[in-house]
Amino acid sequence: MDATNQAILERAKKTRSVSRPIVTKQINKLESEISNLADKTTVHEIYMQLISKFEELSTLDKEIENLIDTESLEEEILTREEYRDKFIIWKIRAERYVGSVSNIAIQNSVENQPQNITLPLNRTEILEDRKFRNLDKDSVTLGNGDEEILSEFDKLVSFVDGRYRVNLPWKPGMREAFTNNKTVARKRFEGLVRRFKCDHELFCEYKDVIDDYVREGIVERTSCDSLSDSQGFYLPHHAVIRSDKTTSRIRIVFDGSAHEDGQSSLNQSLYTGPNLHPNILELLLCFRKSPVAFTADVKSAFLQIELDLRDRDFTRFFWTDNLNNEPYVLNFTRVLFGLRPSPYLLAATLKHHFKKYKEQYSHTFELLNSFIYVDDLIWSE
């Protein structure tokens, strides 16, 4: 790492050392106020302060992750996830607390709604209220440029051999100007290989996951013709070990934010896309109102959606079956979790599918379109 980046890294770490205790303090304060049954306005104010501070912390975490070496990356991510998990727990608890009484106005900034809303008491009222406010895919509150992104999605999405196929939402001119990050990805893979040589069990588990990807057609060997093209993106990857799991102990994380010095990363070259997810507080209220609750989820939801052929070269990664051999290149054929627009692409695909059956199964359409969050259905009867 050059001196400039080292200085940036040290400065970011110093700032974060101040930011993390502030987030912890806000969480503790929120916990105390809720435990003491504080006024909901007070809880809401602390909640908003926590959101703001956590956003600042997340920005610092991302900056640091892009600068640190491979050996330190796993510990960095695990620590970040600990803070994130605690934040999410108290975020949801605060939302439940603030929304636990009928006719509480929830501010725009809490759930990104266009105006204050008054939440109804039961699921029938919730559905009717949604219809009144027309909160379906076609009327999601959109930011600048979001309508164009959605329009482009609807124009390009296709159904091929039993799967939806989508395009990555490129920012104007970025795809054509893109230069690959092969050198960075190769160096990080070499670091991963060194780790595998010290931990053969990890390599075997990692290899099992990649082998499953190949067997299921989630990834494929990149052709020689494609490799001769200088355009493309190589995804560095590493394992996050989940000691609390008895099966699927490792999760492979692909890094769409890696880049050569002075060049854009893949994530920087793509639009995030509009937030098409429903109001989570509304979901939780509805889930708690009726006596019989149920949940369901779409298995491997992201990996059910195919990537357009032209975008697959931007999801390459190095791999080897033998630690003593030269690596070869694979690429994804499906949407992978870890790219900036992936949550949007999943939500847009689901809503596109639901809409096809809106007239035929209107009640089912309303249920699925309104009460799926990412890949989870949350409902009660």
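These legends accompany close-up views of a predicted model.

**View 1. The largest nonpolar core holds 64 residues.** Tyr206, Phe317, Trp319 and Phe332 have the most contacts inside this core. Helix 13, residues 342-355, supplies the largest share, with seven residues. A second, separate core has 17 residues. Ile27, Leu50, Leu57 and Trp90 are included in that second core.

**View 2. Tryptophan 319 and its contacts.** Residues up to four places away in sequence are not counted here. Tryptophan 319 touches Phe189, Phe196, Phe203, Tyr206, Lys207 and Ile210, among others. Its contacts also include His237, Pro327, Tyr328 and Leu330. Trp319 and Tyr206 are both among the residues with the most contacts inside the largest nonpolar core.

**View 3. Strand 11, residues 328-332, is mostly covered.** Five of its five residues are buried. Tyr328, Leu330 and Phe332 point one way from the strand. Val329 and Asn331 point the other way, and these are buried as well.

**View 4. Strand 11 pairs with strand 5 and with strand 10.** Strand 5 covers residues 219-221 and pairs with strand 11 in the antiparallel sense, over three bridges. Strand 10 covers residues 316-319 and also runs antiparallel to strand 11, joined by four bridges. Leucine 330 of strand 11 stands opposite arginine 221. Leucine 330 also stands opposite phenylalanine 317.

**View 5. Helix 8 packs against helix 9.** Helix 8 spans residues 182-198, and helix 9 spans residues 200-215. Their axes are 5 Å apart and meet at an angle of about 120°. The two helices are therefore oblique to each other. Helix 8 makes the contact through Leu192, Arg195, Phe196 and Cys198. Helix 9 contributes His200, Leu202, Phe203 and Tyr206.

**View 6. Lysine 187 lies in helix 8.** Is this lysine 187 buried or exposed? Lysine 187 counts as exposed, because its relative accessibility is 56% and the exposed class begins over 50%. Proline 236 is 49 residues from lysine 187 along the chain. The C-alpha atoms of the two residues are separated by 9.0 Å.

**View 7. An open sheet of three strands has the order 3-4-9.** Its pairing is mixed. Strand 3 (158-160) and strand 9 (306-307) stand at the edges. Each has a single partner strand, so one side of each is left without a neighbour in the sheet. Strand 4, residues 163-166, pairs with strand 9 in the parallel sense over two bridges. Arginine 165 has glutamate 306 in strand 9 as its bridge partner.

**View 8. Asparagine 167 sits in the loop between strand 4 and helix 7 (174-177).** Asparagine 167 counts as buried because its relative accessibility is 15%, and buried means under 20%. Leaving out residues up to four places away in sequence, asparagine 167 touches Leu156, Asp308, Arg310, Asp311 and Leu345.

View 9. How many disulfides does a search of the whole structure find? The search finds zero.

Conventions: Residues are numbered from 1 along each chain as its sequence is written. This is a predicted model: local features need pLDDT of at least 70, side-chain atom pairs count only at pLDDT 80 or more; totals for chains, interfaces and linings use all residues. Side-chain values use heavy atoms; hydrogens and water are left out. A disulfide is a pair of cysteine sulfur atoms within 2.5 Å. A nonpolar core is a set of buried Ala, Val, Leu, Ile, Met, Phe, Trp, Tyr and Cys residues joined through side-chain atoms within 4.5 Å. Buried means under 20% relative accessible area, exposed over 50%, partly exposed in between (1.4 Å probe, protein chains only). Contact means heavy atoms within 4.5 Å. Two strands pair if DSSP finds at least two bridges between them. Axes are lines fitted to C-alpha atoms, for helices over the stretch in contact, and angles run from 0 to 180 degrees between N-to-C directions. Angles under 35 degrees count as roughly parallel, over 145 as roughly antiparallel, 65 to 115 as roughly perpendicular and the rest as oblique.
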